[in-house]
Amino acid sequence: MNRAMLEARLKDTAAAFSQEGYFPSLSLSVFTKDDILIRHTLGEARADSLFDIASLTKIATATMVLGLVEQGILALDTPLAAADPVLFQTGALGEALGGITIFQLLTHTATLPAWYPVYTQPDFPAALQQALSMDRPQGVNYSDLNFMILARVLKARGRTDQSGSPLGPMLCQPLGITGMYDALPPALMDKAIPSGYGNPQEEAMCARMGLAFTGFRPHSAIKGEVHDGNAHYAFYRQFAGHAGIFSDMDSLVTLTQHHLATDSTLFITATEEQAEGRGLGWQVGEMYPMGCGHTGFTGTSIYLSRQLDIGCVLLTNRCYYQNQDHKLTNPFRTRVHHLVADYAQAQQRA
């Protein structure tokens with residue numbers, strides 16, 4: 001398969017999935033560590049559009065945490081008690097968090113529940129205390145709470161900008177990223193791709209948990225505001241760590257190319273399996289042939305293979321259907337990632 005064939009197949013695949021109601025808009029890029037191979041947009045998306053990248057934020061967070069580890073400011077085995085001592089000022093909370101390390105937070109092995117609506121409690125420590133009263137899962141359990149804690153660690157141990165966010169000085173500036181925001185400036189609102197219609201799923205989850213919250217947005221279009229409830233309601237205009245970033249395509253390509261090109265043993269190790277299906281921030285498995293990646297709730301994903309020197313970023317707005325018929329885009333992601341990997345393997349054999 002040559003590049004023209006790959007591009008044609010990717011365009012056909014994107015059009016077919018969009019027509020089947022998986023997403024109304026898309027931005028796609030395929031690249032090596034040095035070059036951009038393919039760019040494609042569909043629907044409202046343009047080359048400089050800003051997407052709510054949801055849990056791809058976790059890769060930004062992990063990149064910053066690993067940077068502090070490489071600098072010797074943190075270590076993978078640093079206990080949370082040392083990394084965020086403020087959380088341990090409440091005895092019961094400190095006892096419940098005892099023994100958790102940076103490694104466990106990055107690999108989702110910290111035994112924290114998958115999700116808790118922080119906005120239903122007075123502050124994050126209070127919400128975490130409530131979450132820890134729930135069943136504590138063992139082994140790997142993907143949890144937003146892990147990365148909310150890591151965001152606190154970044155703010156406590158790293159340099160921050162005037163808003164208290166580490167995103168600019170700790171991620172964007174060193175990598176030359178210019179189109180990634182944890183608080184979208186008003187002047188850029190027109191470039192934002194709408195991400196959904198309110199938070200009906202979270203309303204339903206709160207109801208099932210018996211938790212009250214009166215601040216939910218109406219079920220109208222969300223544009224220029226982050227989709228994730230915790231990032232919007234509990235961490236408004238702050239760096240949440242687990243979600244909440246808006247990004248253009250070029251910025252995510254730059255971030256992914258950093259992980260493709262690095263010769264850092266730590267960053268290379270991060271892309272490899274450290275716990276079942278998990279690297280340090282990254283996910284491994286069938287969706288990511290000969291590599292790793294991550295997904296975001298809004299329909300976004302990153303895939304990279306250092307072995308094949310190939311990367312792919314997919315940005316969609318799968319939740320932007322008013323009838324709330326939101327199809328999980330994993331079949332699309334998997335199809336695209338495997339096409340990209342097949343192309344890279346063909347190039348290596350040529």
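A polar contact is a pair of N or O atoms within 3.5 Å, where one must be able to donate a hydrogen and the other to accept it. Keep that in mind. The model here is a predicted one.

Start with Lys-58. This residue is found in helix 2. Is Lys-58 buried or exposed? Its relative accessibility is 0%, and buried means under 20%, so Lys-58 counts as buried. The side chain of Lys-58 has a partner: a polar contact of 2.8 Å joins it to the side chain of Asp-144. Leaving aside residues up to four places away in sequence, Lys-58 also touches others, including His-108, Tyr-142, Phe-147 and His-294.

Now turn to the empty space. Rolling a probe the size of a water molecule over the atoms shows where such space is left. The largest pocket has a volume of about 600 Å³. Its lining counts 28 residues, and Ser-55, Tyr-142, Asp-144, Gly-296 and Phe-297 lie nearest the centre. Helix 9 (200-209), strand 8 (292-296) and helix 13 (330-349) each give two or more residues to this lining. By class, the lining of the largest pocket has nine nonpolar, 11 polar and eight charged residues.

Next comes the second largest pocket, with about 270 Å³ of space. It is lined by 19 residues, and Gly-67, Leu-68, Gln-71, Met-170 and Pro-174 are the closest to its centre. Helix 2 (57-70) supplies at least two residues of this lining, and so does helix 8 (167-175). The lining of the second largest pocket divides into nine nonpolar, seven polar and three charged residues.

Key: Residues are numbered from 1 along each chain as its sequence is written. This is a predicted model: local features need pLDDT of at least 70, side-chain atom pairs count only at pLDDT 80 or more; totals for chains, interfaces and linings use all residues. Side-chain values use heavy atoms; hydrogens and water are left out. On a 1 Å grid over the protein atoms alone, a cavity is a set of points where a 1.4 Å probe fits but cannot get out, and a pocket is an open set with protein on both sides within 12 Å along at least five of seven lines; lining residues have an atom within 4 Å of a point. Grid points are joined across faces, edges and corners, and a volume is the space filled by probe spheres set on the points. Helices (H or I, at least four residues) and strands (E, at least two) are DSSP runs, numbered from the N terminus. Ala, Val, Leu, Ile, Met, Phe, Trp, Tyr, Cys and Pro count as nonpolar, Asp, Glu, Lys and Arg as charged, and the others, Gly among them, as polar. Buried means under 20% relative accessible area, exposed over 50%, partly exposed in between (1.4 Å probe, protein chains only). Contact means heavy atoms within 4.5 Å.
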